[in-house]
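Some notes follow on the model you sent.

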Amino acid sequence: MSGMKVSLPLTEQMIHDLRCGDQLLLSGFLYTARDAAHKRLVESLSKNGKLPVELKGQVIYYAGPTPAPPGRVIGSAGPTTSQRMDSMTIPLLEYGVKGLIGKGSRSEEVKKALVQYKAVYLAATGGAGALLAQRIKSAEIVAYEDLGPEAIYKLEVQEFPVVVINDINGNDLYEAGQKAYKRLI
Amino acid sequence: MRRINVEVITQNIAEMCCEANFNLGKDIIEGLTEALKNEESPVGRDVIQQILNNAEISSRDGVPLCQDTGFAVVFIELGQEVSLVGGDLDEAINKGVREGYHRCYLRKSMVNDPLMRDNTGDNTPAVVHYNIVPGNNIKITFVPKGGGSENMSRIKMLKPTEGESGIIDFVLETVNAAGANACPPVVIGVGIGGTFETCALLAKKALLRPLQQVNSNVYYADLEKRLCMAVNCLGIGPQGFGGRITALAVHIEAAPTHIACLPTAVNLNCHASRHVQRIL
Ligand code: SF4
């Protein structure tokens, strides 16, 4: 797996320099959240502007891993489809989340918000949950334990492979990549 | 009559849940290895390599290929000379799913009701399709089907005059709209004909055929090839990052239909196209 080594949290300079199509190997902490956790996070923000875990400057990973067998840190842990989080993403970007990891394209609103709030959207390989789990060194539930696989986990990752999809200049790898390889039938 | 105790079915289903989620089929591995040679995009090749490494890690370490261990879809071909004893067949299948998903630490993704959405906690109920066939065997096919690619699947009641070109357009439209969401490279199951509901089932069954096995009907074998080439001209590529390999294969299943109808269903499956089969 190739890629530029990047430590988390992402610095302002790093976010500024990232370009769509860059392959990265992330090391540091990620926070998992998918549908149900997003719903609660956004509710909590609209109630009192607070979150149960500090996500300012952090990177959210859309994932709901399989249960960890005894002796393992985590089960299979690949990305889930990001689209389902679109309608709940903007309040989190506004709050100060700086990176999102998932799979699949984002809504126009989210893409605009990424530019506005200077945050990046990254993709991990969907369906590579066993390989990605190897890059996770520790996992700890930090909120919403009752949600099971949808709880918020703090993950320590080492050289976790991702690709930059949307950078802060409004570029989109899904569009650019398809355009570059599209052929007339 | 051959008597089979349904407990045997429970045991087999439980084992198949684990087997399917830890082992990518040889046909898919072959397809991906071939794709690696043909992919021109460097990041696309990297993705395919990751998927191949993932399969190795999964079977070696017993970690599920993908965290979405799916709907538990089960096809049962029941020989009409078999007499099932020892309990309720449906319950025996669900018991197998419950045991398998628990034993192998697979994710429980089923909710009790589409709107109430309480997790059933054991990945049941299974989605079971029965077929009565001649003979005295039971063929069980277990298919864990991921939600990401299922969500991108579509059905359309085409007009008969739209014919082949209508079908090609619909398949391309569906794959294009799915983009990266269905985790390409995908396997595409196309059902053509039948009624509204049989058409969707045909599309799912089309996914079960091994990748390198060509359609037994010459016309459909040719259409599959042309469809696969057309899909791979879309440029979506592995994981949607842009590239040549969007689909590993297109499989078609066709059935007789009504003079007024041309139902067409496209069931997308991700590269984690998992299915195992046993004959008892
Ligand atoms: S579409 Fe398939 S590979 Fe992708 S996340 Fe879902 S089950 Fe896994």
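A polar contact here is a pair of N or O atoms within 3.5 Å; within protein, one of the two must be able to donate a hydrogen and the other to accept it. The model is a predicted one, and the points below should be read as such.

1. A:Thr32. This residue belongs to strand β2 of chain A, which covers residues 23-32. A polar atom of the A:Thr32 side chain lies 3.3 Å from the backbone oxygen of A:Ala151, which is inside the 3.5 Å limit for a polar contact. The C-alpha atom of A:Thr32 is separated by 9.3 Å from that of A:Ile141, although the two residues are 109 apart along the chain.

2. A:Thr66. Which residues of chain B does A:Thr66 contact? They are B:Pro64, B:Cys66, B:Gln67, B:Thr69, B:Tyr105 and B:Arg107; in chain A, neighbours within four places in sequence aside, A:Thr66 is in contact with A:Gly75 and A:Ser76. A:Thr66 sits in the loop between β3 (59-61) and α3 (90-95) of chain A. Its relative accessible area is 2%, so A:Thr66 is buried. The side chain of A:Thr66 has a polar atom 2.7 Å from the backbone nitrogen of A:Ser76.

3. Helices α6 and α8 of chain B. Helix α6 (residues 163-178) of chain B packs against helix α8 (residues 218-231) of chain B at an angle of about 40°, and the axes are 10 Å apart. The pair is therefore oblique. The crossing of α6(B) with α8(B) is right-handed. On the α6(B) side the contact is made by B:Glu164, B:Ile168, B:Val171, B:Leu172 and B:Val175, and on the α8(B) side by B:Tyr219, B:Leu223, B:Arg226, B:Leu227, B:Ala230 and B:Val231. Nine of the residues in the contact of α6(B) with α8(B) are nonpolar and two are charged, with no polar ones.

4. Helices α2 and α3 of chain B. Are α2(B) and α3(B) roughly parallel or roughly antiparallel? Helix α2 (residues 26-38) of chain B and helix α3 (residues 42-61) of chain B pack at about 155°, with a distance of 9 Å between the axes. α2(B) is therefore roughly antiparallel to α3(B), as angles over 145 degrees are counted that way. The two helices make a left-handed crossing. α2(B) contributes B:Ile29, B:Leu32, B:Thr33, B:Ala35 and B:Leu36 to the contact, and α3(B) contributes B:Arg45, B:Ile48, B:Gln49, B:Ile51, B:Leu52 and B:Ala55. By class, the contact of α2(B) with α3(B) holds eight nonpolar residues, two polar and one charged.

5. Helices α1 and α4 of chain B. Helix α1 (residues 6-22) and helix α4 (residues 89-103) of chain B cross at roughly 40°, and their axes come within 7 Å. α1(B) passes α4(B) in a right-handed crossing. Residues of α1(B) that take part include B:Val6, B:Ile9, B:Ile13 and B:Cys17, and those of α4(B) include B:Ala92, B:Ile93, B:Gly96 and B:Gly100. The contact of α1(B) with α4(B) comprises 11 nonpolar, four polar and four charged residues.

6. Cis peptide bonds. The bond from A:Leu8 to A:Pro9 is cis, with omega near -5°; A:Pro9 is in the loop between β1 (4-7) and α1 (12-17) of chain A. The bond from B:Thr124 to B:Pro125 is also cis, with omega near 0°. B:Pro125 is in the loop between α4 and β4 (127-133) of chain B.

7. Positive phi. The loop between α4 and β4 of chain B also holds B:Asn123, which is not a glycine but has a positive phi of about 65°. B:Asn123 is buried, because its relative accessibility is 0%. In chain A, A:Lys118 is likewise not a glycine and has a positive phi of about 50°. A:Lys118 lies in the loop between α4 (108-116) and β5 (120-123) of chain A. With 47% relative accessibility, A:Lys118 counts as partly exposed.

Definitions and conventions: Residues are numbered from 1 along each chain as its sequence is written. Chains are lettered from A and ligands numbered from 1 in the order in which they are written. This is a predicted model: local features need pLDDT of at least 70, side-chain atom pairs count only at pLDDT 80 or more; totals for chains, interfaces and linings use all residues. Side-chain values use heavy atoms; hydrogens and water are left out. Helices (H or I, at least four residues) and strands (E, at least two) are DSSP runs, numbered from the N terminus. Axes are lines fitted to C-alpha atoms, for helices over the stretch in contact, and angles run from 0 to 180 degrees between N-to-C directions. Angles under 35 degrees count as roughly parallel, over 145 as roughly antiparallel, 65 to 115 as roughly perpendicular and the rest as oblique. A crossing is left-handed if the near helix is turned anticlockwise from the far one by less than a right angle, and right-handed if clockwise. Contact means heavy atoms within 4.5 Å. Ala, Val, Leu, Ile, Met, Phe, Trp, Tyr, Cys and Pro count as nonpolar, Asp, Glu, Lys and Arg as charged, and the others, Gly among them, as polar. Buried means under 20% relative accessible area, exposed over 50%, partly exposed in between (1.4 Å probe, protein chains only).
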